[in-house]
Structures are given as C-alpha cells and as structure tokens.
Amino acid sequence: MISRVESAAATRRSLLDAAAGLLDEGGPEAVTLRAVGARAGVSRGAPYRHFSDKGDLLTAVAAEAWDRLADRAVEWAADPLTPAEEKLQKMLTGLLAVGREQPHLYRLMHQAPASDEVLRAASRSQGPFVAVLSDLVGEDQAHRYGALLLTSVHGIIGMEASGQLTADKWHTDADDILTLLTGMIGDR
C-alpha cells in the first residue's frame with residue numbers, strides 16, 4: 001500500500017514531468033497549472049497543493065534541470081581515469097546540449113532574476129566544474145576561467161540558436177569552439 005507521502009511525491013513528480021514536457025513543446029506560455037494537471041492526469045486542484053502558482057512550478061523545473069547537470073558534473077569530476085580537460089569538455093558539452101535540445105528550458109534556467117532555489121541548484125553544478133578547472137589552471141584562477149567558459153557557452157548557444165554561428169560564415173561550429181576553448185585552457 002502506498003503511503004500519503006509516497007502518493008504526494010508521485011503526484012509532484014508527475015506534475016514536474018508534465019510541466020517539463022509542456023515547456024519543451026510550447027515554451028512557458030504552454031505551461032499552465034490546468035494544462036499541467038490535465039497532462040499529469042490529476043484533479044484540477046492537485047497542482048495547487050504542490051505549487052503556489054505557475055512561477056513556483058517553473059522555478060522547480062529550472063532547479064531540477066540544474067540539479068541534473070550537477071549530478072552529471074559530480075560524476076564526471078570524480079572519475080580518476082578521465083583527464084581534467086576531457087572532464088571539462090563533458091561538462092560544457094552537457095550545458096550546450098540543454099541549450100540545443102531544450103531551448104525553452106535553457107532560457108528558463110538562465111531567466112533573471114533567478115530565485116534562491118535556482119541559484120542554489122546552479123551553484124551545486126559549479127563545485128565540480130571549478131574543481132576540474134582548479135586542476136588545470138590553479139585554484140586562484142579557476143573562477144575567472146570558469147566565468148569565461150560559461151559566458152562563452154552561453155554566447156555559443158545564443159548564436160547557434162539565432163542562426164548566426166554557421167560553418168559557412170565562421171568555418172567552425174559550436175563543438176569545435178568548445179574543443180578549442182578547453183584545449184587553450186588545458187595548454188595554459
């Protein structure tokens with residue numbers, strides 16, 4: 001028999017999954033508590049028992065996305081057999097993949113002003129990222145290079161999404177640029 005706590009957790013999970021699906025399909029405008037409840041197959045009032053409003057729900061979706069990236073970063077950073085430069089490449093490629101494959105989610109993750117919940121989740125992904133950078137450039141420079149890399153990836157995602165980063169125009173692509181950036185830092 002399922003307990004109340006387990007049932008509530010399952011409902012919350014269904015609501016978050018439904019919201020993420022609607023976000024991917026139609027952006028934030030497609031996410032309403034009513035539509036999320038309908039997709040999750042719960043009563044009309046169920047979303048309101050878990051989230052105060054649409055903003056609260058979208059905040060939870062964004063924080064969860066950052067947590068997934070953080071989980072992968074922790075896993076990659078802990079691998080003793082993978083060189084630091086390759087770990088860094090994986091982390092940046094993971095962020096790039098979200099921007100490419102889930103552009104609405106990526107924009108939501110970077111929406112200003114960020115809530116405390118989103119900032120905490122994003123910060124969790126920075127720990128392993130900065131640790132890997134520390135191995136490459138030293139602790140005193142890791143945050144500086146981290147900011148350079150993350151702003152570069154953000155710019156790459158924006159240029160690629162707008163059609164301004166094309167092989168015809170720049171004779172390169174996003175993946176090649178990431179390899180170049182991590183290589184430059186690794187060679188430093």
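**Figure 1. Overall view of the predicted model and its surface.** The protein exposes about 10600 Å², and carbon and sulfur atoms supply 54% of that area. The model shown here, and in every view that follows, is predicted. Its secondary structure consists of 10 helices and 0 strands, so that, because strands are counted as DSSP runs of at least two residues, the pattern read along the sequence is α-α-α-α-α-α-α-α-α-α. Taken along the principal axes, the C-alpha atoms fill a box of roughly 55 × 40 × 30 Å, and buried residues make up 39% of the 188 residues in the protein. Of the contacts between residues at least 6 apart in sequence, 68% join residues that are at least 24 apart. The protein carries 19 positive and 26 negative side chains, and the centres of these two sets lie 9 Å apart.

**Figure 2. Close-up of the largest pocket.** The largest pocket has a volume of about 410 Å³. Its lining is formed by 23 residues, of which Trp 66, Leu 95, His 110, Ser 125 and Leu 150 are the closest to the pocket centre. The elements that give two or more residues to this lining are helix 4 (54–78), helix 5 (84–101), helix 6 (103–109), helix 7 (116–137) and helix 8 (139–162). The largest share of the lining, 6 residues, comes from helix 7.

**Figure 3. Val 98 and Thr 93 in helix 5.** Both residues of this view belong to helix 5, which holds Val 98 and also Thr 93. Val 98 has a relative accessible area of 10% and therefore counts as buried, the cut-off for that class being under 20%. Leaving aside the neighbours of Val 98 within four places in sequence, the residues in contact with Val 98 are Leu 69, Pro 103, Leu 105, Tyr 106 and Met 109. Leu 108, which is 10 residues from Val 98 along the chain, has its C-alpha atom 11 Å from that of Val 98. Thr 93, with a relative accessible area of 31%, is partly exposed. Although Thr 93 and Asp 175 are 82 residues apart along the chain, their C-alpha atoms are separated by 7.7 Å.

**Figure 4. The cis peptide bond at Pro 113.** In the loop between helix 6 and helix 7, where Pro 113 lies, the backbone can be followed from Ala 112 into Pro 113. The peptide bond that joins these two residues is cis, with omega near -10°.

**Figure 5. His 171 in the loop between helix 9 and helix 10.** His 171 is found in the loop that runs between helix 9 (167–170) and helix 10 (174–187). Although His 171 is not a glycine, its phi is positive, at about 55°. With a relative accessible area of 70%, His 171 is classed as exposed, because that class begins over 50%.

**Figure 6. Ser 52 in the loop between helix 3 and helix 4.** Ser 52 lies in the loop that separates helix 3 (46–50) from helix 4, and at 58% relative accessibility Ser 52 counts as exposed.

**Figure 7. Gly 21 in helix 1.** Gly 21 has its place in helix 1, which covers residues 4–26. The relative accessible area of Gly 21 is 17%, and Gly 21 is therefore buried, since the class takes in values under 20%. The C-alpha atoms of Gly 21 and Phe 129 are separated by 28 Å, and the two residues are 108 residues apart along the chain.

Terms used
Residues numbered from 1 in each chain as written. Predicted model: local features only at pLDDT ≥ 70, side-chain atom pairs only at ≥ 80, totals over all residues. Heavy atoms only, no water. Helix = DSSP H or I, 4+ residues; strand = E, 2+ residues; numbered from the N terminus. Buried < 20%, exposed > 50% of the residue type's maximum accessible area, 1.4 Å probe, protein only. Contact = heavy atoms within 4.5 Å. Areas by Shrake-Rupley, 256 points an atom, 1.4 Å probe, with all protein chains shown as cover. Lys, Arg positive; Asp, Glu negative; His and termini not counted. Charge placed at Lys NZ, Arg CZ, Asp CG, Glu CD. 1 Å grid on protein atoms, 1.4 Å probe; cavity = no way out; pocket = protein on both sides within 12 Å on 5 of 7 lines; lining within 4 Å. Points joined across faces, edges and corners; volume = space filled by probe spheres on them.
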